[in-house]
Amino acid sequence: MTEPRHTALYEWHREQGARLVPFAGWLLPLQYPAGIMAEHRACRERCVLFDVSHMGTVLVPGDPQDAACALEDLISGDLQQQRVGTAKYTLLLNDAGGITDDLMALRHEEAWYLVVNAARTAADLAALEAALPEAHRPVLVEGKSLIALQGPAAAEVLAEQLPEALELRFLESREVFIDGQRARVARLGYTGEDGFEIALPDGVAREFAARLCADGRVQPAGLGARDSLRLEAGLCLYGQDIDETTSPIAAGLGWTINKRRREAADFPGAARILRERADGPERRLVGLTLDGRLPARSGAEVLADGTTVGRVTSGGFAPTVGAPIALAHVDATVAEVGTALVCRVRSHDVDATVTALPFVPNRYHR
Amino acid sequence: MARRYTKDHEWVELDGDDAAVGITDHAQEQLGDVVFVDLPDVGRTVNAGDAMAVVESVKAASDVYAPIAGEVTAINESLADAPGLVNEAAEGAGWFVRIKPSTPAEIDSLLDAAAYAAFVADQS
């Protein structure tokens, strides 16, 4: 077991009183002294800063239009028609139509950047290296930090440092300069709120994070709040809600494959994915809202009329909803919104209702 | 009777025929915001070290172990509506259960306040 890596903000986290935990090979803040609940609420009401530098950034070099064609052999999204200066949520697929990873694909003027899950970086690189021609050989970007600023006040806060950020709409990205260093801002996130992710050199990350947090509207938040926020936003967590066996259709991610891609049917696992799209998958990922206060966590059984119909993949207490919520894979026959189900938590059978996602309406700046 | 502690971060204090049991302030701080406490049924017999309750924080579910053998004589009903009491007053109003000890002397074999404080300091 190798020692977990430190991000460029490691010392700063310690100074803020963060509780650091190992996560996907990195030592990251689980929470700060305010606590997960307070950090969660701060993101919904004002603004929080996350250090997400553990996420992998993969550069795919070479002519971006040629690279788009090559990447489409592996990826569900329509990259050929993606505009320069935009980001797209998309999936890296395997030949069985399962999900190797979910990622953000950012098209810059000169190249593609793929922002991937930390724990999947090695698997993604292997898949990309095996499939991409020499001109587009993927390169893992080192020496960069990634800071997420999320919440209704994020735009005003960031504008004081980078006024150009206000020109961006949801899923747009642009180059900026931070302390004279070339950096990149994209308007997106993993909380359901308006917000930004800023990719910047490690050398200026600490100062920049400190400047943002000097604003009274901003406080740092850790992995705990990141998880409860994304769950309320109905966003999947790779390794829990989706994995190499999950098809995009079962996961409710069929929308990542547009008409051109469906008609071309040239992505990995197209036969299975298109069949499931036409006939419906056997199982579906659904949202559940539970009665009472007892959360059902990942692994909890889901029942209908006393029969097991699925399993919770993510679950916890949702501070904004004020109730326990979960994502669960269940038989398609019981996946309709409003269906009454039961979650078994230890000796308790807790009533639950299939709920439309997201649990909390998103507030992206479209 | 002085309060005693376990290395699993429970506290126990004999008070009359039975003993109040809860988790330590250090434990609640580590757990973070408590959203639910799953308590045993009154009348249940427990052995020292048995998982007897589960405390659910925003982050995770954690087992709470019986510090001593005995019978559960009462549970803290207030926690059902106000699980946050565990964060506010872990070693007071946020108690979990009362246990009638099979062997009251068993309590003396646990850590005293100084030994528990030293144990916690050693862990961090």
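How does the radius of gyration of chain B, with 124 residues, agree with that of a compact globule? A compact globule with 124 residues would have a radius of gyration near 14 Å, and chain B has 13 Å, which agrees. The radius is taken over C-alpha atoms, and the globule rule is 2.2 Å times the number of residues to the power 0.38.

Some ground rules. This is a predicted model, where local features need pLDDT of at least 70, side-chain atom pairs count only at pLDDT 80 or more, and totals for chains, interfaces and linings use all residues. Residues are numbered from 1 along each chain as its sequence is written, while chains are lettered from A and ligands numbered from 1 in the order in which they are written.

Let me stay with chain B. The C-alpha trace spans about 35 × 35 × 20 Å along its principal axes. Chain B has four helices and nine strands. Helices here are DSSP runs of H or I with at least four residues, strands are runs of E with at least two, and both are numbered from the N terminus. Along the sequence, the pattern of chain B reads β-β-β-α-β-β-β-β-β-α-α-β-α. Of its 124 residues, 44% are buried. Buried means 20 or more other C-beta atoms within 10 Å of the residue's own; exposed means 12 or fewer; partly exposed is in between; C-beta atoms are placed from the backbone. Now contacts in chain B: among those between residues at least 6 apart in sequence, 62% join residues at least 24 apart. A contact means that two C-beta atoms, placed from the backbone, lie within 7 Å.

On to chain A. Nine helices and 20 strands make up its secondary structure. Its radius of gyration is 20 Å, close to the 21 Å that the globule rule gives for 366 residues, so chain A is as compact as a globular protein of that length. Its C-alpha trace spans about 65 × 50 × 45 Å along the principal axes. Buried residues come to 49% of the 366. For contacts between residues at least 6 apart in chain A, 66% join residues at least 24 apart.

Chain A splits into domain 1 (1-280) and domain 2 (282-366). Those bounds come from an automatic or database domain assignment. The domain centres, over C-alpha atoms, are 26 Å apart. Across the boundary, 24 residues of domain 1 contact 24 residues of domain 2. On the domain 1 side, α2 (36-45) and α7 (223-232) each supply at least two residues. The largest share, four residues, is from α2(A). By class, that side has nine nonpolar, seven polar and eight charged residues. Nonpolar covers Ala, Val, Leu, Ile, Met, Phe, Trp, Tyr, Cys and Pro; charged covers Asp, Glu, Lys and Arg; the others, Gly among them, are polar.

Which elements of chain A each supply at least two residues of the side that touches chain B? First the counts: 13 residues of chain A contact eleven of chain B. The elements are α2, α7 and β17 (307-318) of chain A. The chain A side has five nonpolar, five polar and three charged residues.

Next, the core. The largest nonpolar core has 138 residues, and Leu149(A), Leu288(A) and Cys343(A) have the most contacts inside it. Both domains of chain A give residues to this core, so it lies between them. A core is a set of buried Ala, Val, Leu, Ile, Met, Phe, Trp, Tyr and Cys residues joined through C-beta atoms within 7 Å. Beyond four places in sequence, Leu149(A) touches residues including Cys47(A), Phe196(A) and Leu212(A).

Last, strands. An open five-strand sheet in chain A runs β6-β7-β8-β5-β9, with antiparallel pairing. β6 (86-93) and β9 (139-140) stand at the edges with a single partner strand each, so one side of each has no neighbour in the sheet. Pairing requires at least two DSSP bridges. β5 (residues 56-60) and β9(A) pair over two bridges, and Leu59(A) stands opposite Val139(A). Thr100(A) sits in β7 (residues 99-107). With 23 C-beta neighbours inside 10 Å, Thr100(A) counts as buried.

Finally, a hairpin. β11 (residues 173-178) and β12 (residues 181-186) of chain A pair antiparallel over six bridges. Ile178(A) has Gln181(A) as its bridge partner. Two residues lie between the strands, and Asp179(A) in the turn has a positive phi of about 50 degrees.
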